[in-house]
Amino acid sequence: MNETANRARAVVDLAAVRANVRALRDRAPGAELMAVVKSDGYGHGAVPCARAAREAGASWLGTALPEEALALRAAGDTGRLMCWLWTPGGPWQRVVEQDIDVSVSGLWALREVTAAARAAGRTARVQLKIDTGLGRNGCPPADWPELTAAARAAEAAGALRVTGVWSHFACADEPGHPSITAQLDVFRQALRTAESAGLRPEVRHIANTPATLTLPEAHFDLVRTGIGIYGISPSPEVGTSGDFGLRPAMTLEAALASVKRVPGGHGVSYGHRYLTPGETTLALVPLGYADGIPRHASGTGPVLVAGKWRTVAGRIAMDQFVVDLGGDSAEVGDLAVLFGPGDRGEPTAEDWGRAAGTIGYEIVTRIGTRVPRVYVDSERDGGVFGVHGAEEAHETHAAHAAHEENGTAAGTAAETESAANSTTDLAVNSATSTAISTAPTNAPTTAPTNASDTATAGTADGDTALTGGTA
Ligand SMILES: Cc1ncc(COP(=O)(O)O)c(C=O)c1O
């Protein structure tokens, strides 16, 4: 294992990103696709994920902050690129000089971009945003006629070109929510008003990942997909990632830092919220809330260790947490897999979202900078993608879910002061033990045939595998 990634790493499979972009494009065949890579590519690394998305046909990239867009240009991206979250005095001129589309939601922003374009001696590319009901950024419908008329005047004066009209959904992840059709109605009306003002935008767009997956009438000219390109479902109501042929790109794993026998009644971690139910083996996972592991998942977060799903025993601390292995054994250095695609028996980021009372988006995005991102390509490296220490038979994701429904999962031990066994002790499922050595189901890859080969190669021992890492 590379020294930098020795403690823990977030392994990002760029082939999964490419496959996800292709799957999302298939859902919106009449539209272009913008890969949203804000917040460092939802924690996956903006630059490598942007490159992968471009390769798979993303004709646009999108970021929230202008600085994020400028960083993509500095990394060599030359394609269509848009950023949308501005405050007065932002780096308008640099962004205009770099041919980045900017979002404008009000007259103050129109004034600033017009001045920047004049100073740069360039024509700014401006996308006007209408608030169709989200209540966040965007021009209120009442002010839209004035904004579109002012933008048209600036366009006629040569300062800018209105390249897009766009908006954002509030509840697209709740299919059937009445706000969805209401927002589409307002959007269509806003497009008519823009047209009447003389604007001829190249792209009209409103669809995020859930709308891309479930609402063809919202695709217009462009879909702006974020979470889907990282292979995570926007919400259980929309469906699972597998329902849409999406594959989670990130696997978060760490090497056990301590394994020791302790007697029954031993308190675990701050506050002693977990007491060992009997003599047992405790394993220490060297990741904590400083690394983005939510403290809210104390007593509930799922982890694959020594071939089984365990639950975090007691509190998650800043740098570490403990799992109770019960009667099982492990060695210092064995891998704990917090989340991954889920098809090798490990939990997913969505499982962590549920355990922590949040969403998969937050879980992956908040993985901290102390955790190196290690890039693999399960397509091009012959399926390199190792889940170490899990070669033995293990509980499947589905089996765990069934177990949980029966109320016997370790999650019920959450934050309890009583002795509880944090192991989900299911029967060994030999049918699934081979899953570790097979290729990801939807990654177009040459399947590795030997689990240990895969594991060895997948550790990204070479420095090259770390290029682009955000650590
Ligand atoms: C304006 C905007 N568009 C698109 C997206 C992508 O949304 P999703 O990740 O649900 O695809 C986001 C993300 O929050 C966003 O803020």
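Leaving aside neighbours within four places in sequence, valine 322 is in contact with Val268, Ser269, Leu282, Ala283, Leu284, Ala313 and Gly314. Here, two residues are in contact if their C-beta atoms, placed from the backbone, lie within 7 Å. Valine 322 is found in strand S17 (residues 321-326). Helices (H or I, at least four residues) and strands (E, at least two) are DSSP runs, numbered from the N terminus.

Is valine 322 buried or exposed? Valine 322 counts as buried because 23 C-beta neighbours lie inside 10 Å. The rule is that a residue is buried if 20 or more other C-beta atoms, placed from the backbone, lie within 10 Å of its own, exposed if 12 or fewer, and partly exposed in between. Valine 322 and proline 286 are 36 residues apart in sequence, yet 8.7 Å apart in space, C-alpha to C-alpha.

## The model and the whole chain

This is a predicted model, in which local features need pLDDT of at least 70 and side-chain atom pairs count only at pLDDT 80 or more, while totals for chains, interfaces and linings use all residues. Residues are numbered from 1 along each chain as its sequence is written.

The protein chain holds 14 helices and 19 strands. Of its 471 residues, 56% are buried. Among the contacts with a separation of 6 or more, 70% come from residues 24 or more positions apart.

## The parallel sheet

Two strands pair if DSSP finds at least two bridges between them.

Strand S2 (residues 32-36) is joined to S3 by 3 bridges, and methionine 34 has tryptophan 60 in S3 as its bridge partner. S3 and S4 pair over 4 bridges, with glycine 62 partnered by methionine 82 in S4. Methionine 82 also stands opposite aspartate 101 in S5, where S4 and S5 pair over 2 bridges.

Which way do the residues of S3 point? Trp60 and Gly62 point one way, Leu61 and Thr63 the other way, and all are buried. In S5, Asp101 and Ser103 point one way and Val102 and Val104 the other way, again all buried.

S15 and S18 run antiparallel and are joined by 2 bridges; leucine 304 has valine 337 in S18 as its bridge partner.

## Two helices

Helix H10 (residues 349-356) has 7 of its 8 residues buried, so it is largely enclosed by the rest of the structure. Those buried residues are Ala349, Glu350, Asp351, Trp352, Gly353, Arg354 and Ala355. What covers them includes strands S10 (250-255), S15 (302-305) and S18 (335-339), as well as helix H11 (360-365). Just after H10, glycine 357 takes a positive phi of about 70 degrees.

Helix H6 (residues 107-120) has 14 residues, which at 1.5 Å a residue should span 20 Å, and its end C-alpha atoms are 20 Å apart, which agrees. The expected span is 1.5 Å times one less than the number of residues. The buried residues of H6 include Ala109, Leu110 and Val113, and what covers its buried residues includes helix H7 (144-156).

## Around the ligand

Which residues are around the ligand? They are Val36, Trp84, His168, Asn208, Thr209, Arg224, Thr225, Gly226, Ile227, Gly228 and Pro234. A residue is near a molecule if its C-beta atom, placed from the backbone, lies within 6 Å of it.

The shell divides into 4 nonpolar, 6 polar and 1 charged. Ala, Val, Leu, Ile, Met, Phe, Trp, Tyr, Cys and Pro count as nonpolar, Asp, Glu, Lys and Arg as charged, and the others, Gly among them, as polar.
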